[in-house]
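Hi everyone, thanks for coming. Let's have a look at this one together, and please keep it on your screens while I talk.

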Amino acid sequence: VPGVYLMCCASFCGITMWRQVRGDPDDLEVRVDLGEKVCLMARTCMHCICIAYDGGEDHLFLKLLPMWLYPLASAKECKSPSAFKFYLGCHNFLVLLRFSDNLRSGLPFLVTTLFMNKILLDWSQA
């Protein structure tokens with residue numbers, strides 16, 4: 001099932017990018033804004049896939065990648081503050097959802113994610 005979900009997400013991103021290429025050159029800002037939102041959506045989908053394949057406490061890479069690398073890259077690349085804030089809200093919800101069943105082992109990840117929010121917001125607006 002995650003493979004089908006990934007294929008659907010990739011198809012959606014491909015169709016969206018194809019529509020951007022076909023557009024008029026005059027609405028370049030609209031296409032760039034749409035491209036940013038598609039990238040944020042793809043990162044959120046990849047976060048969900050990492051959650052689905054995370055088998056437990058020994059899979060540190062599947063925790064670090066979506067919880068720290070994706071938001072850092074998003075803060076660096078995203079130019080729309082409202083889109084980034086929405087992404088960050090979704091990201092925080094997914095992190096909370098991921099560790100809701102075992103807060104004892106997930107508490108360091110939750111606290112670090114919450115501390116990173118302010119840094120990421122400052123970095124995205126710089």
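Predicted model: local features only at pLDDT ≥ 70, side-chain atom pairs only at ≥ 80, totals over all residues.

Residues are numbered from 1 along each chain as its sequence is written, and side-chain values use heavy atoms, leaving out hydrogens and water.

Helices here are DSSP runs of H or I with at least four residues, strands are E runs of at least two, and both are numbered from the N terminus.

Which residues of H4 are buried? With buried meaning under 20% relative accessible area and exposed over 50% (1.4 Å probe, protein chains only), the buried ones are Ala83, Phe84, Tyr87, Leu88, His91, Leu94, Val95 and Arg98. They cover an arc of only 135° around the axis, which puts them on the same side of H4; the arc is taken from the directions from the helix axis to the C-beta atoms. On the face turned away from that buried side, you'll find Ser82, Phe86 and Phe93 exposed.

Stepping back, the protein has five helices and zero strands, in the order α-α-α-α-α. Of its 126 residues, 35% are buried.
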